[in-house]
Amino acid sequence: MSPLVFFKCLAEDTRLKSLLLIFQHQELCVCDLQQALQLSQPKVSRHLAELRKCELLMDERRGKWVYYRLHPDLPSWARQILQQTAAHHPDYLQHCEQQLARDSTSCERE
(Lines give C-alpha, C1' and ligand atoms only; values in the text may rest on other atoms or scores of the structure.)
Protein backbone atom coordinates (compact mmCIF):
# COMPACT_ATOMS: atom_id res chain seq x y z
CA MET A 1 0.00 0.00 0.00
CA SER A 2 1.30 3.40 -0.91
CA PRO A 3 1.08 6.37 1.44
CA LEU A 4 -1.07 8.16 -1.16
CA VAL A 5 -3.70 5.39 -1.11
CA PHE A 6 -3.58 5.31 2.70
CA PHE A 7 -4.24 9.03 3.02
CA LYS A 8 -6.93 9.05 0.33
CA CYS A 9 -8.78 6.30 2.20
CA LEU A 10 -8.67 8.35 5.38
CA ALA A 11 -9.58 11.70 3.83
CA GLU A 12 -13.16 11.40 5.12
CA ASP A 13 -13.69 12.16 8.82
CA THR A 14 -15.91 9.14 9.56
CA ARG A 15 -13.37 6.73 8.09
CA LEU A 16 -10.49 8.33 9.99
CA LYS A 17 -12.38 8.23 13.29
CA SER A 18 -13.49 4.64 12.66
CA LEU A 19 -9.97 3.47 11.92
CA LEU A 20 -8.50 5.28 14.93
CA LEU A 21 -11.17 3.82 17.23
CA ILE A 22 -10.52 0.32 15.92
CA PHE A 23 -6.77 0.90 16.29
CA GLN A 24 -7.20 1.95 19.92
CA HIS A 25 -9.63 -0.84 20.86
CA GLN A 26 -8.02 -3.60 18.74
CA GLU A 27 -11.46 -4.68 17.50
CA LEU A 28 -14.92 -3.12 17.34
CA CYS A 29 -18.32 -4.21 16.15
CA VAL A 30 -20.48 -2.17 13.78
CA CYS A 31 -22.84 -1.49 16.68
CA ASP A 32 -19.93 -0.12 18.76
CA LEU A 33 -19.03 2.27 15.96
CA GLN A 34 -22.68 3.30 15.56
CA GLN A 35 -22.71 4.21 19.26
CA ALA A 36 -19.34 6.00 19.18
CA LEU A 37 -19.99 7.97 16.00
CA GLN A 38 -23.73 8.48 16.54
CA LEU A 39 -24.44 7.37 12.97
CA SER A 40 -26.83 4.89 11.40
CA GLN A 41 -25.78 1.30 10.74
CA PRO A 42 -25.94 1.70 6.92
CA LYS A 43 -23.72 4.79 7.01
CA VAL A 44 -21.16 3.16 9.32
CA SER A 45 -21.16 -0.03 7.23
CA ARG A 46 -20.63 1.92 4.01
CA HIS A 47 -17.53 3.62 5.44
CA LEU A 48 -16.20 0.34 6.85
CA ALA A 49 -16.65 -1.24 3.40
CA GLU A 50 -14.43 1.51 1.96
CA LEU A 51 -11.77 0.82 4.59
CA ARG A 52 -11.93 -2.91 3.74
CA LYS A 53 -11.61 -2.10 0.05
CA CYS A 54 -8.47 -0.08 0.86
CA GLU A 55 -7.20 -3.14 2.77
CA LEU A 56 -6.94 -1.20 6.03
CA LEU A 57 -9.44 -3.43 7.86
CA MET A 58 -10.52 -7.05 8.05
CA ASP A 59 -13.93 -8.17 9.18
CA GLU A 60 -15.38 -11.25 10.85
CA ARG A 61 -19.06 -12.09 11.20
CA ARG A 62 -20.17 -13.39 14.59
CA GLY A 63 -23.88 -14.06 14.67
CA LYS A 64 -25.71 -11.02 13.41
CA TRP A 65 -22.81 -8.59 13.97
CA VAL A 66 -19.62 -7.92 12.03
CA TYR A 67 -16.43 -7.13 13.93
CA TYR A 68 -13.53 -5.15 12.47
CA ARG A 69 -9.82 -5.06 13.20
CA LEU A 70 -6.76 -3.72 11.43
CA HIS A 71 -5.67 -5.71 8.41
CA PRO A 72 -2.71 -7.91 9.44
CA ASP A 73 -0.77 -6.81 6.33
CA LEU A 74 -1.07 -3.11 7.18
CA PRO A 75 2.47 -1.73 6.84
CA SER A 76 4.30 -0.75 10.01
CA TRP A 77 4.61 2.86 8.80
CA ALA A 78 0.79 3.05 8.58
CA ARG A 79 0.42 1.63 12.09
CA GLN A 80 2.94 4.19 13.35
CA ILE A 81 0.93 7.00 11.76
CA LEU A 82 -2.22 5.76 13.48
CA GLN A 83 -0.41 5.45 16.81
CA GLN A 84 1.07 8.95 16.57
CA THR A 85 -2.21 10.49 15.43
CA ALA A 86 -4.10 8.94 18.34
CA ALA A 87 -1.38 9.87 20.84
CA HIS A 88 -1.02 13.49 19.74
CA HIS A 89 -4.72 14.27 19.23
CA PRO A 90 -6.66 12.65 22.10
CA ASP A 91 -9.35 15.33 21.87
CA TYR A 92 -10.21 14.24 18.31
CA LEU A 93 -11.87 11.05 19.58
CA GLN A 94 -12.91 12.25 23.02
CA HIS A 95 -16.63 12.55 22.22
CA CYS A 96 -16.61 9.19 20.40
CA GLU A 97 -14.94 7.49 23.36
CA GLN A 98 -17.51 9.01 25.73
CA GLN A 99 -20.36 7.75 23.54
CA LEU A 100 -18.80 4.29 23.36
CA ALA A 101 -18.32 4.14 27.13
CA ARG A 102 -21.89 5.27 27.72
CA ASP A 103 -23.34 1.99 26.45
CA SER A 104 -20.73 -0.73 26.10
CA THR A 105 -23.37 -3.47 25.79
CA SER A 106 -25.22 -2.10 22.76
CA CYS A 107 -24.35 -5.16 20.63
CA GLU A 108 -25.58 -7.61 23.23
CA ARG A 109 -29.05 -6.05 23.54
CA GLU A 110 -29.95 -6.16 19.86
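Predicted model: local features only at pLDDT ≥ 70, side-chain atom pairs only at ≥ 80, totals over all residues.
Residues are numbered from 1 along each chain as its sequence is written, and side-chain values use heavy atoms, with hydrogens and water left out. Local features need pLDDT of at least 70 and side-chain atom pairs count only at pLDDT 80 or more, whereas totals for chains, interfaces and linings use all residues.

Helices (H or I, at least four residues) and strands (E, at least two) are DSSP runs, numbered from the N terminus. Eight of the eight residues of α3 are buried, so this helix is largely enclosed by the rest of the structure; buried means under 20% relative accessible area, exposed over 50%, and partly exposed in between (1.4 Å probe, protein chains only). The buried residues are Val30, Cys31, Asp32, Leu33, Gln34, Gln35, Ala36 and Leu37.

Two packed helices are described by the angle between their axes and the distance between the axes. Axes here are lines fitted to C-alpha atoms, for helices over the stretch in contact, and angles run from 0 to 180 degrees between N-to-C directions. The axes of helix α2 (residues 13-25) and helix α3 (residues 30-37) come within 11 Å and cross at roughly 120 degrees. That makes α2 oblique to α3; angles under 35 degrees count as roughly parallel, over 145 as roughly antiparallel, 65 to 115 as roughly perpendicular and the rest as oblique. The crossing of α2 past α3 is right-handed, a crossing being left-handed if the near helix is turned anticlockwise from the far one by less than a right angle, and right-handed if clockwise. Thr14, Lys17, Ser18, Leu21 and Ile22 of α2 make the contact with Leu33, Ala36 and Leu37 of α3, where contact means heavy atoms within 4.5 Å. These residues divide into five nonpolar, two polar and one charged. Ala, Val, Leu, Ile, Met, Phe, Trp, Tyr, Cys and Pro count as nonpolar, Asp, Glu, Lys and Arg as charged, and the others, Gly among them, as polar.

The axes of α3 and helix α6 (residues 94-102) are 7 Å apart, at an angle of about 125 degrees. That makes α3 oblique to α6, and α3 passes α6 in a right-handed crossing. Asp32, Gln35, Ala36 and Leu37 in α3 meet Cys96, Gln99, Leu100 and Arg102 in α6. By class, this contact has four nonpolar, two polar and two charged residues. Glutamine 35 of α3 is buried, with a relative accessible area of 18%. The side chain of glutamine 35 reaches the backbone oxygen of glutamine 99 at 3.2 Å.

Valine 66, in strand β3 (residues 65-70), is buried as well, with a relative accessible area of 12%. Its contacts, not counting residues up to four places away in sequence, are Leu28, Cys29, Val30, Asp59, Glu60 and Arg61.

Most residues other than glycine have a negative phi. Glutamine 26 has a positive phi, near 75 degrees, and is placed in the loop between α2 and β1 (28-29). Glutamine 26 is exposed, with a relative accessible area of 59%. Glutamate 55 has a positive phi near 65 degrees; this residue lies in the loop between α4 (41-53) and β2 (57-62) and is exposed, with a relative accessible area of 52%. Glutamine 38, which follows α3, has a positive phi near 55 degrees.

Definitions and conventions
Polar contact = N/O pair within 3.5 Å; in protein donor to acceptor, adjacent residues only side chain to side chain.
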